[in-house]
Amino acid sequence: MLLLAASCVFYAAWDWRFLSLLFFSIILDYKCAKGIHTASSPGRKKLFLALSVTGNLGALGCFKYYDFFVSSLRSLLGHIGISFSPPLLNISIPLGISFYTFQTMSYTFDVYRGLIRPACRFSDFALFVSFFPQLVAGPIERSKHLLPQITAPRRITASCLGEGGYLILWGLFLKVVAADNLSKVVDPVFASSPPYRGIVALLAAYAFTFQIFCDFYGYSTIARGIGKCMGFDIMANFRLPFFVTNARDFWDRWHISLSSWVRDYLYFPLLNSLRKIRGEARVYIAIFISMLLVGLWHGAAWTYVLFGIYWGVAFIVYILLRSYCHNWLLFKKPFLRKAWFCLRSLVFFHCVVLSMLIFRSQSPGQFGGMLRGILYNFNAAALSDNFDGIRITAAAVLPVLLMQVIEFRNGDEYAVLRWKWWQQGLVYFAIIFGIVTFGNGGNKFIYFQF
Amino acid sequence: MLLFGKRNIYILSGVLFVFSQLLCLKMAAVTQPGSKQVTYYKREWCRTVRGMKVPPGRKLVFFMGSSQTMAGLVPAVFDKENGGFTCSYNLALPATRLAPSYFMLKDYLRNNPSPDYIIIRLEPGGFNGEVFSDYSLLGAGIAEAVQYAVLSRDSLVFLDYLVPSRLFWPEVKQYITGKFLRLMPERIKELYRDGYRKRYSGVSYPYDWEAAYDAGYLHPELSRKENMAFVRRNRGYFFLFELSARGRSMPEGYSPRRIPRENLGWDEKDCAFLGKFLELTLKNNIKLILIPGYGMKQGRDAGDTRMKNVPASWLKIRAEFQNVYFPEGELEYKLYSPALFSDPRHLNYRGACSYTRDVAREFRNITGLQ
């Protein structure tokens, strides 16, 4: 109850009025899940499920997507000479609505599929949805994973506190040192108007790729750290996403909670429902729709639609190529294997950078302008004019990459905590020194807007 | 080794952190520019001076404001111009506005009799965010830093104050890069020279960076006592920017680039310290004399409106505070030729003497002291 109260206060601190929306979602899914569980016929189960999905997506659509779709439709109809002007809502998007809506929906789906029993106590379920460390920017927890932890008694050990403290510090470093300093390089470029110089646009794209990673990974890490300190194990949302060579692996490691949600609750059901379509086509369609939803989940803008399409196409291209290239260039020597992996990772990293350029652009037009700049107006000589940007990017990215390499080599997120005490002490000192000296707070987490 | 078990890690990181901060302080003490040291020592003077003695029959006058006042008003010349009726001190601080001046005056008044007059150059638009620059935090007390953080709604201001590695990072960086190149202390002078060379390599006038180091800055290699003696001897006047232009003056015909500034009025919400400063002077029966600033003749045209709205603001202030005075009638920027400037914004010693004489004349007109 104390945690539930704390979570409510935490959410109300942003805007107490939207607390009612959060509780609407909680009550709806709590009741629907109970209804599904006790329903005597499949028809009634489906009815409760439909009620939950309609209610949740209705709220999401109303608060997040209504204005976008209406204004897009108005503009489209305007082009063909039809006047259409329904009122716009112009309301701010409730904090974390996409996160908690998907989380509550996953609970109802799991109850419908019989994977879990509904929560006995309302307060347990309310805490599952509103648990403050991950309420506003994820990870989108699964009821199977978090709900049993809420209902079971928890043990807070010294090891939990040690790991939690480490995660909180490292998350803070990622946010206030890396992400916030990178925003100084990124924001002015995306706020400027065309023509864009290629080298500047490319630097901003690189910087933003790391900024969004550090920002979101930082938040998730802090959330996990706080959870650990309270005896909860919150799922990891990122797992070395830059050490991959294809779209599928990337989405297995980037925003894991969303990609796995989409896989389990959209992609697989879609595959199932498209079984009448023969061959690989149904896989492509299911992937494309799923990735489009991933894009749209981030927000109501054409750049996010484009982002989803980009990744849908990237996935399909990967599947098409996979069958042809699976035994292509298999090196026997370990060094050559590693070098080949590094090269492929580097090439794929640029695909990620391109997608992030789409993601961050204010409009598809800006993305087009920047891409044109990179391709046709690169002007490498201008590199010297952007020395500060390069310096900030390098200084912010290097420690993050170093830690990622350490994790990758050891295959352990807590590799640092296995080191000798004095080595750990040095790492802690470096992190704390970095936070207090170069910490540049004041910027909101990017994912708060979603 | 496991004397304290797991706690060793936290103890080690804590000790290293404290040590690093002390090291940063030490590095900053070596490489910080003279202008920062001036701020420290002037503020320390205000805090430590006790029972200020003024020769009988003389009026105690303080000059307050920014670096232009610091480089523009010479106490010795001012007193001489006033026929020995005054005893003046230049308490203006570089790169800061009114807020630190308010706290300096408060510190001074704690242990000393009130000055009779304060001559201050007030600028419109000087009370926005830049008030709380790193210079404002130099030598500040905790309460002062908290007020800056609250007023600027930025808790990082307070963190800057608390953590030396934040506040002095440019100096620390300079020290570290210098240290890699050659051992201290011979390297100090070269660090300064390198700094000047870099800073002024793109200016459109010939800059004498070689001479700048020896030009009257406080010297980091001197002890605190020696530097404080320097502050007392000059009564706060510094040739801070002397010799920055080769030949100690800007080339004749130099035309500074004018940056159009928004002519902001006094907004009490933004200027939290203006009201406090005025109240403090009123409460302590100090007469406050507002003076216009100075600029370079060249390139000045009717479009430069920096002074246009100030008199109205001054009138507004005087309507509320009867201890505020300013020159009646002609109220304008004092304009001087480039030869009297040591850089585009600051007067050299000759220029400072001219400006001081002009200000002294206005001071006599206002006060009637002869």
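Reader: How many residue pairs are in polar contact across the interface of chain A and chain B?

Author: The rule finds three, with both residues at pLDDT 80 or more. A polar contact is a pair of N or O atoms within 3.5 Å; within protein, one must be able to donate a hydrogen and the other to accept it, and residues adjacent in sequence count only if both atoms are side-chain atoms. This is a predicted model: local features need pLDDT of at least 70, side-chain atom pairs count only at pLDDT 80 or more, and totals for chains, interfaces and linings use all residues. Residues are numbered from 1 along each chain as written, chains are lettered from A in the order written, and side-chain values use heavy atoms, without hydrogens or water.

Reader: Which helix gives the most to the side of chain A that touches chain B?

Author: Helix α17 of chain A, residues 421–438, with 13 residues. Helices (H or I, at least four residues) are DSSP runs, numbered from the N terminus.

Reader: How many salt bridges cross this interface?

Author: The rule finds zero between chain A and chain B. A salt bridge needs a side-chain nitrogen of Lys or Arg within 4 Å of a carboxyl oxygen of Asp or Glu.

Reader: How much area do chain A and chain B bury between them?

Author: The general idea comes first. The size of an interface is often given as the accessible area lost when the parts come together. Here that loss (1.4 Å probe, summed over both parts) is about 1,500 Å², with 74% of it on carbon and sulfur atoms. In chain A, Trp421(A), Phe429(A) and Val436(A) lose the most area to chain B, together 40% of what that side buries.

Reader: Is Asn246(A) buried or exposed?

Author: Asn246(A) counts as buried because its relative accessibility is 9%. Asn246(A) is in the loop between α9 (198–229) and α10 (247–253) of chain A. Its side chain reaches the backbone nitrogen of Arg248(A) at 3.1 Å.

How values were computed
Buried area = accessible area lost by both parts, 1.4 Å probe. Helix = DSSP H or I, 4+ residues; strand = E, 2+ residues; numbered from the N terminus. Buried < 20%, exposed > 50% of the residue type's maximum accessible area, 1.4 Å probe, protein only.
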